[in-house]
Amino acid sequence: MALPSNLASSPGNPDWMNKADNAWQLTAATLVGMQSVPGLIILYGGAVKKKWAVNSAFMSLYAFACVFVCWVTWGYRLSFGDKLAPFWGKPALSLDEAYLFKPAFLGMFPNATMVYFQGVFACITLILIAGAVLGRMNFYAWMLFVPLWLTFSYTFTAFSIWSPEGFLFKTGLIDYSGGYVIHLSSGVAGFTAAYWVGPRLNKDRERFPPNNILLMLAGAGLLWMGWTGFNGGDPYSVGLDASLAVLNTHACTATSLLTWVVLDVIFFRKPSVIGAVQGMITGLVCITPAAGVVQGWAAIFMGICSGSIPWVTMMVLHKRSRLLQKVDDTMAVFHTHAVAGSLGGIMSGLFAEPKLNNLFFGAYDQYVGLFYGLQMKDAKTGLRQVGVQLLGVLFVTLMNVIITSLICLFIRLWMPLRMSEEDMEVGDEAAHGEEAYAIWGQGDKLDSSVFKYGSSLYDDLEAAEQARKKRSAGQAIEMT
């Protein structure tokens with residue numbers, strides 16, 4: 001009996017491909033891409049001081065483009081290709097139709113879809129790192145940092161944890177959608193890069209108000225909604241697990257945001273909008289390694305923890321730690337991504353439900369959270385899972401500290417990592433010859449230094465005053 005034309009196989013629709021899964025995977029990948037372009041571009045551009053709006057947004061845009069080109073030329077195969085070492089694949093192109101039209105290593109869709117999906121994950125990782133060095137990193141140094149870090153750091157963790165041939169994948173590490181590969185990596189790498197780049201100007205560290213909070217909220221909203229594809233796309237199908245992952249993602253995030261706001265109200269007597277965004281991010285990050293392998297009640301509990309523990313590390317421990325005080329992490333990437341990512345990874349080892357892990361990994365006995373292990377009177381398996389999760393935290397942390405440091409030291413041989421003091425006084429105009437808004441004002445007093453860079457500020461103010469006087473004179477004549 002012949003199949004309907006929309007189900008029958010053809011050269012463009014091979015019998016191994018599931019059209020629905022392929023459509024969802026492409027949609028999920030685009031949602032993840034929109035988290036970066038324009039999501040984080042808008043968030044960073046609005047969250048920094050006005051003089052850094054263009055530079056911060058452009059660092060994100062450049063990283064997205066650069067990573068994607070590197071990804072299709074060598075990055076994807078290093079991360080998911082044939083095994084070269086326990087932590088690395090063989091470099092090769094991902095551009096030829098003969099390869100792109102073959103089935104992906106997982107899922108019922110072609111390599112072309114998987115390359116795209118994994119590519120936008122790689123892009124957002126570099127953009128998250130940028131958050132730690134905003135407001136002072138030499139853009140030329142950033143142009144070199146992006147491809148080097150992608151090649152020698154991201155591909156290591158991606159292959160080790162996500163590739164079926166990776167040693168941590170085989171060990172049984174649970175990282176559903178990137179708590180380790182993306183968030184812990186970017187948090188540690190960003191903090192390390194911030195150490196080597198050096199701090200912002202003292203006055204920028206002391207006072208760094210967002211130039212547009214509403215714009216920042218728009219970017220945060222795109223980040224939150226885009227996470228539907230971030231976690232919902234990782235089962236590589238439109239089955240039950242994808243639905244659970246999406247629901248858990250939003251439940252944890254909303255709980256985390258509310259927890260952070262409540263703590264701000266209790267201790268500072270005011271609900272902070274910036275704090276709410278931080279709580280939103282920590283919730284998204286914390287649930288990511290566990291999204292489809294924990295029950296809804298566990299997602300709520302994880303949200304309470306992600307809204308409180310990173311709050312304590314940022315608001316209390318940060319102020320008491322010399323190291324954390326010394327390193328200028330502009331967007332607090334260490335707290336929102338490294339701390340929250342580690343927290344989510346460890347809690348995955350506690351709450352991972354065996355049946356749900358079977359849906360995702362196709363293995364029932366290997367992935368058992370500690371609490372379920374105790375319930376099943378198999379504490380050994382549960383303790384092993386927690387140990388594996390801690391091993392993953394240790395591996396990703398050490399690897400990123402070492403490799404990120406080596407990359408920064410290498411770049412420093414060729415050019416400064418940090419902009420000059422004079423250029424940092426100016427910001428966007430010094431770095432790019434452009435500024436974000438055609439209006440004046442950093443929230444600071446007018447300084448004579450602005451005239452040293454050929455600014456037309458004085459002329460603009462004088463013209464505005466003359467126009468005001470003309471309007472006043474005209475109104476007086478009309479009244480007469």
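Buried means under 20% relative accessible area, and exposed means over 50%. The model used in these exercises is predicted.

**Exercise 1. Gly45**

Task: Decide whether Gly45 is buried or exposed, and list what Gly45 touches.

Solution: 
- Start with the location. Gly45 sits in helix 1, which covers residues 19-47.
- Apply the cut-off. The relative accessible area of Gly45 is 8%, so Gly45 is buried.
- List the contacts. Setting aside neighbours within four places in sequence, Gly45 contacts Leu40, Ala53 and Asn211.
- Check a distance. Val327 is 282 residues from Gly45 along the chain, and their C-alpha atoms are 22 Å apart.

**Exercise 2. Asn231**

Task: Find which side chain forms a polar contact with that of Asn231. Then state whether Asn231 is buried or exposed.

Solution: 
- Locate the residue. Asn231 belongs to helix 9, residues 213-232.
- Read the accessibility. Asn231 has a relative accessible area of 0%, so it is buried.
- Identify the partner. The side chain of Thr249 makes a polar contact of 2.8 Å with that of Asn231.
- Beyond four places in sequence, Asn231 is in contact with Tyr176, Ser177, Ala245, Thr249, Ile287, Thr288 and Ala291.

**Exercise 3. His318**

Task: Classify His318 as buried or exposed.

Solution: 
- His318 lies in helix 12, residues 296-320.
- Compare with the cut-off. Buried requires under 20%. His318 has 19%, so His318 counts as buried.
- Complete the list. Not counting residues up to four places away, His318 touches Thr313, Leu324, Gln325 and His335.

**Exercise 4. The whole protein**

Task: Does the radius of gyration agree or disagree with that of a compact globule?

Solution: 
- A compact globule of 480 residues would have a radius of gyration near 23 Å; the protein has 24 Å, so the two agree.
- Note the extents. The C-alpha trace spans about 90 × 55 × 55 Å along its principal axes.
- Check burial. Of the 480 residues, 53% count as buried.
- Look at contact range. Among contacts with a separation of 6 or more, 76% link residues 24 or more positions apart.
- Finish with charge. There are 32 positive and 32 negative charges, and their mean positions lie 8 Å apart.

Note on methods: Residues are numbered from 1 along each chain as its sequence is written. This is a predicted model: local features need pLDDT of at least 70, side-chain atom pairs count only at pLDDT 80 or more; totals for chains, interfaces and linings use all residues. Side-chain values use heavy atoms; hydrogens and water are left out. The radius of gyration is taken over C-alpha atoms; the globule rule is 2.2 Å times the number of residues to the power 0.38. Buried means under 20% relative accessible area, exposed over 50%, partly exposed in between (1.4 Å probe, protein chains only). Contact means heavy atoms within 4.5 Å. Lys and Arg count as positive and Asp and Glu as negative; His and the chain ends are not counted. The place of a charge is taken as NZ of Lys, CZ of Arg, CG of Asp or CD of Glu. Helices (H or I, at least four residues) and strands (E, at least two) are DSSP runs, numbered from the N terminus. A polar contact is a pair of N or O atoms within 3.5 Å; within protein, one must be able to donate a hydrogen and the other to accept it, and residues adjacent in sequence count only if both atoms are side-chain atoms.
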